[in-house]
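Please look at the sequence and the model below before reading on. The paragraphs that follow go from the overall fold to single residues.

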Amino acid sequence: MTNVLFDLEYDIIKNGNFKWKEFVCKDGSLKINKGTYLLFERLQILRNIIGVITIESGYRSPEYNSNLKDASPISRHMDAHAVDVNWNTKVWSINMVSLIAEGLGLYVIKYPWGLHLDVRELI
Ligand SMILES: [Zn+2]
């Protein structure tokens, strides 16, 4: 998305602290839809609870996704409905954060480094 009225420094959720620059594809492209907001409404609650959360992968363009070695060809990252996140796992265990995320209605896939979260059960 290229638009002079849009800035990647903007907050995704009003009164939240996620910025679009945290979600934009590493190739610079961006897609936003209802599922994106459903996702970030819940991610903001998660960040408020556990503190620092880093988005390692947010939106992925189909081109970017197809060049990733282990990415699903039907990845929900391409729908702007998913993020991969990590945090200080010495403070909050993977299992604990996974439980909180599931409680918020997010679909969770656990990895050794963090979690994949998406909104497949909310849309
Ligand atoms: Zn993922």
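A residue is called buried if 20 or more other C-beta atoms lie within 10 Å of its own, exposed if 12 or fewer do, and partly exposed in between, with the C-beta atoms placed from the backbone. Helices (H or I, at least four residues) and strands (E, at least two) are DSSP runs, numbered from the N terminus. Residues are numbered from 1 along each chain as its sequence is written. The model is predicted: local features need pLDDT of at least 70, side-chain atom pairs count only at pLDDT 80 or more, and totals for chains, interfaces and linings use all residues.

The protein has three helices and four strands, and along the sequence these follow the pattern α-β-α-β-α-β-β. Its radius of gyration is 14 Å, close to the 14 Å that the globule rule gives for 123 residues, so the protein is as compact as a globular protein of that length. The radius is taken over C-alpha atoms, and the rule is 2.2 Å times the number of residues to the power 0.38. Along the principal axes, the C-alpha atoms fill a box of roughly 40 × 35 × 25 Å. Of the 123 residues, 28% count as buried. Two residues are in contact if their C-beta atoms, placed from the backbone, lie within 7 Å. Among contacts between residues at least 6 apart in sequence, 61% join residues at least 24 apart.

The sheet comes next. Strands of a sheet pair through backbone hydrogen bonds, either parallel or antiparallel. Here two strands are said to pair if DSSP finds at least two bridges between them. In what order do the four strands lie in the open sheet? The order is β1-β2-β4-β3, with antiparallel pairing. β1 (54-57) and β3 (107-111) are the edge strands, each pairing on one side only. From one strand to the next the twist averages 35°, where axes are lines fitted to C-alpha atoms, for helices over the stretch in contact, and angles run from 0 to 180 degrees between N-to-C directions.

β1 and β2 run antiparallel and are joined by three bridges; Ile-55 stands opposite Val-85 in β2. Four bridges pair β2 with β4 in the antiparallel sense, and here Val-83 stands opposite Leu-117 in β4. β3 and β4 are also antiparallel, paired over five bridges, and Ile-109 has His-116 in β4 as its bridge partner.

Helix α1 covers residues 34-50. At 1.5 Å a residue, its 17 residues should span 24 Å, and its end C-alpha atoms are 25 Å apart, which agrees. The expected span is 1.5 Å times one less than the number of residues in the helix. Which residues of α1 are buried? They are Thr-36, Leu-39, Phe-40, Arg-42, Leu-43, Gln-44, Leu-46 and Arg-47. An α-helix has 3.6 residues a turn, so residues three or four places apart point the same way. β2, α3 and β4 are among the elements that cover the buried residues of α1.

Arg-42 counts as buried because it has 20 C-beta neighbours inside 10 Å. Leaving out residues up to four places away in sequence, Arg-42 touches Leu-104, Gly-105 and Leu-106. Its C-alpha atom is 7.9 Å from that of Ala-101, 59 residues away along the chain. Ala-101 itself is in contact with Leu-46, Leu-106, Val-108, Leu-115 and Leu-117, its neighbours within four places in sequence left aside.

A nonpolar core is a set of buried Ala, Val, Leu, Ile, Met, Phe, Trp, Tyr and Cys residues joined through C-beta atoms within 7 Å. The largest such core has 22 residues, of which Leu-43, Val-83, Val-85, Ala-101 and Leu-117 touch the most other members. At least two residues of this core come from each of α1, β2 (82-86), α3 (94-103) and β4 (114-118). The largest share, four residues, is that of α1.

Some backbone angles remain. Most residues other than glycine have a negative phi, and most peptide bonds are trans. Asn-15 has a positive phi near 65° and lies in the segment before α1; with 6 C-beta neighbours inside 10 Å, Asn-15 counts as exposed. Ala-80 also has a positive phi, near 65°. Ala-80 sits in the loop between α2 (62-66) and β2, and is buried, with 22 other C-beta atoms within 10 Å. Just after α1, Gly-51 takes a positive phi of about 90°.
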